[in-house]
Amino acid sequence: MSESIEKVKCLIIGSGPAGYTAAIYAARANMHPVLYQGSQPGGQLTTTNDVENFPGYPDGITGPAMMLELQAQAQRFGTDVRDGWITKVDFSSDVHKVWVNDSKEIHCDTVIISTGASAKYLGLDSEQHYLKMGGGVSACAVCDGFFYKNQEVVIVGAGDSACEEAHYLSKLCSKVTMLVRRDVFRASKIMANRVKNTPNIEILYNTETEEVLGDGQVVTGVRAKNNATNAVVEIPATGFFVAIGHKPNTDIFKDYLNLDETGYIINNPGTSKTNIDGVFVSGDAADHVYRQAITAAGTGCMAALDAERYLASKEG
Ligand code: NDP
């Protein structure tokens with residue numbers, strides 16, 4: 001039996017820093033926001049151990065604790081935070097329709113998309129084990145590099161992100177070993193050359209990760225294999241960084257919104273507006289460049305302000 005259709009002034013999809021910041025602003029503007037948390041309540045930050053670069057936390061805070069605080073702040077002003085996964089949308093008319101878990105239908109005056117992006121991982125059991133333990137696997141050098149100061153780390157990937165992150169790590173860590181699965185970089189020449197010219201970065205070409213090694217709690221090294229010679233090496237390391245790309249969580253919007261070739265939502269420059277009136281985007285779903293909690297929060301604020309102004313203009 002289908003449930004009756006609910007009407008909502010402002011629907012926020014996603015529960016990372018972008019979604020909760022949008023919710024705080026929308027709730028305080030009396031827009032009665034409803035926020036659906038999605039499959040990973042709290043977003044990517046829940047896979048991060050300590051957050052030390054979000055202003056306002058001089059002693060740092062864990063990712064999950066920070067997300068609970070953001071949620072509490074959004075709820076304090078009346079945000080209706082719900083479990084659920086938006087599985088389908090229809091943005092073909094003035095009333096923006098969304099479906100929760102393929103059943104419940106909601107009609108929204110405004111929609112703020114804060115669905116984020118997911119870092120890609122290799123998928124090895126050992127990698128996932130230490131990622132979940134917070135024991136030395138990371139997909140964000142800017143977030144976690146500092147914890148490996150003066151230590152040896154390994155990074156996987158050969159695109160612009162991997163080069164940028166390897167270079168960032170080289171300034172903190174005593175040694176960075178970069179595992180490149182082919183005999184060439186995918187990155188632009190300038191980025192690849194910067195890595196090649198950095199003395200404490202060692203590049204191993206044709207090299208694939210076999211296993212992340214550790215003592216059960218923390219990473220102690222990486223076993224990798226040369227796919228041309230089959231030679232196996234064990235590289236001592238306390239950190240294992242994965243920089244093989246991100247996937248924006250935007251599949252359900254592709255029939256309605258303008259996306260770039262990777263799937264990031266294209267917003268009107270300097271705003272959170274998409275190509276559909278009343279639909280706004282914030283956070284990593286539209287950002288392959290900065291990808292930080294603080295930039296996501298900033299664009300969440302922009303989306304709520306843009307949504308509020310859109311509603312005001314409709315009300316005349
Ligand atoms: P890319 O898709 O460009 O690169 C991914 C890299 O990861 C490739 O080198 C790929 O190898 C490697 N890879 C993928 N899967 C595996 C695997 N299972 N094992 C080992 N290696 C793997 O992603 P990026 O995040 O680097 O970049 C995304 C976009 O953002 C690009 O357009 C990039 O130019 C842009 N960008 C620009 C920056 C800048 O200009 N400052 C900074 C960061 C990103 P292979 O090459 O063999 O396929």
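Which helix gives the largest share of the shell around the ligand? I looked it up: helix 5 (residues 160–170) does, with three residues; helices here are DSSP runs of H or I with at least four residues, strands are E runs of at least two, and both are numbered from the N terminus.

Notes on the source. I am working with a predicted model, where local features need pLDDT of at least 70, side-chain atom pairs count only at pLDDT 80 or more, and totals for chains, interfaces and linings use all residues. Residues are numbered from 1 along each chain as its sequence is written, and side-chain values use heavy atoms, with hydrogens and water left out.

Ligand shell. I found 14 residues around the ligand, and Asp160, Ser161, Arg181, Arg182 and Arg186 come nearest (a heavy atom within 4 Å counts as near). By type, I noted five nonpolar, four polar and five charged residues in the shell (Asp, Glu, Lys and Arg are charged; Ala, Val, Leu, Ile, Met, Phe, Trp, Tyr, Cys and Pro are nonpolar; the others, Gly among them, are polar).

Polar contacts (N or O pairs within 3.5 Å). I checked distances to ligand oxygen atoms: a polar side-chain atom of Asp160 lies at 2.6 Å, a side-chain N or O atom of Arg181 at 2.9 Å, and a backbone N or O atom of Ala158 at 3.2 Å.

Backbone. I saw that Asn150, which is not a glycine, has a positive phi near 60°. Asn150 sits in the loop between helix 4 (141–144) and strand 11 (152–156). Asn206, also not a glycine, has a positive phi of about 50°, and I placed Asn206 in the loop between strand 13 (201–204) and strand 14 (207–214).

How values were computed: A polar contact is a pair of N or O atoms within 3.5 Å; within protein, one must be able to donate a hydrogen and the other to accept it, and residues adjacent in sequence count only if both atoms are side-chain atoms.
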